[in-house]
Amino acid sequence: MVPRTITIILKTEAEIQQMQRAGGLAAEALREVVSAVRPGVHGTELDALAERFIRERGGTPSFKGYRGFPASICVSANDEVVHGIPNTRPLAPGSIVSIDLGAVLDGVHGDVAVTVPVGEIAPPLQRLLQVTREALYRGIEQVRSGKRLGDVGAAIQRYVEAAGLSVVRDFAGHGIGRALHEEPQIPNFGEPGTGTLLREGMTLAIEPMVNLGGYEVMMDDDGWTVRTRDGQPSAHFEHTVAVTATGPLILTAIPGGVV
Ligand code: MG
C-alpha cells in the first residue's frame, strides 16, 4: 500500500494571532449559547442565538452550508455523539447536550465544543462530562513541537479507558486554519511515539468524543447525526490549539472559560 501524502499548512505568528481572534469569537458565542441551555429550550433557538452573535461581531458561522450542513451549530443530546442538526425538540431535564460551534473571522476558523448538563444530571453523566473534559486537556498537553500525533491520541485514550469509558474511533480531530478541516486527522486513540511529528506553526482542533458504553457509533438517516450504537450517552469537548515555541496555545480560550 502506498502511504497517503498529506500536506500540513504551517501558520505564521501573525496567522496564529488571527486565529486566536476567530477562536475567541467562537468561544464567546459558545458561552452565549451555553448560558441559554435549560430544560425546554430547543436547538433551533440556540442555533439562531449563535448565528446572530457571530454575525453581529463581523464573523460567519463556519458550519452553515459546510458540505450542506443546514445550521450554525451542532446540537447533540444524550446518545447523539456529534453533528446533530438543531431541531425543535425541547431539551429534557436530566439530559446532556453537546454544542459544537465554529466561527470564521478574517478568513480563518475557530472550532470549539462543550457538553453541558440540562438541569440536574445523574452522577454517571457528571462523570462522563468530567472525564471527557479532562481527556481534552490531557490531549492538549501533548500538542508540543517534537511530540507525535500518536502521543495526543494515546494520552486521551489511556485516560478515558482507565476511567472505564470508551473513545469513539470513527471520528477524529483535525488541522484547521483557512479551511475548517485541514490535514492532519487527529484520532483520539493511538500509540505514543507514532504518527506525524508535531511542529511549531501547526494549528489543530483536538476533540475527544467519549461514550459511557461501547465505542461503536452509527449514522442517522439524516446523513449527519452520529449516535452511539448501544444508545448510551456520549460527550464531546473541543479546543483549537496552536503548536508554539512555548508549548500548546489554546486559541479558543476566553477569560472565565466555557470549555
Ligand atoms: Mg472540529
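Asp111 is buried in this predicted model, with a relative accessible area of 2%, where buried denotes under 20% relative accessible area, exposed over 50% and partly exposed the range in between, for a 1.4 Å probe and protein chains only. His174 likewise counts as buried, at 5% relative accessibility. Both residues belong to the magnesium site, whose protein donors are Asp111 (OD), His174 (NE2), Glu207 (OE) and Glu238 (OE), lying 2.2 to 2.5 Å from the ion. Donors are here N, O and S atoms within 2.8 Å of the metal (3.2 Å for Na, K and Ca), and because water is not among the atoms, sites may look incomplete. Along the chain, the donors follow the spacing D-x62-H-x32-E-x30-E. Asp111 lies in strand 5 (residues 108-118) and His174 in strand 7 (residues 173-175), so the pair ties together parts that are 63 residues apart in sequence; helices (H or I, at least four residues) and strands (E, at least two) are DSSP runs, numbered from the N terminus.

The model is a prediction in which local features need pLDDT of at least 70 and side-chain atom pairs count only at pLDDT 80 or more, whereas totals for chains, interfaces and linings use all residues. Residues are numbered from 1 along each chain as its sequence is written, and side-chain values use heavy atoms, with hydrogens and water left out.

Helix 3 (residues 123-141) and helix 4 (residues 149-162) pack at an angle of about 150°, their axes being 8 Å apart; axes are lines fitted to C-alpha atoms, for helices over the stretch in contact, and angles run from 0 to 180 degrees between N-to-C directions. The two helices are therefore roughly antiparallel to each other, a term applied to angles over 145 degrees, with those under 35 counted as roughly parallel, 65 to 115 as roughly perpendicular and the rest as oblique. The contact, meaning heavy atoms within 4.5 Å, is made by Val131, Glu134, Ala135, Arg138 and Gly139 of helix 3 and by Val152, Ala155, Ile156, Tyr159 and Val160 of helix 4.

Pro124 is also placed in helix 3 and is partly exposed, with a relative accessible area of 44%. The C-alpha atoms of Pro124 and Val210, which are 86 residues apart along the chain, are separated by 13 Å. Glu13, in helix 1 (residues 13-35), is exposed, with a relative accessible area of 65%. A separation of 38 Å is found between the C-alpha atoms of Glu13 and Gly223, residues that are 210 residues apart along the chain.
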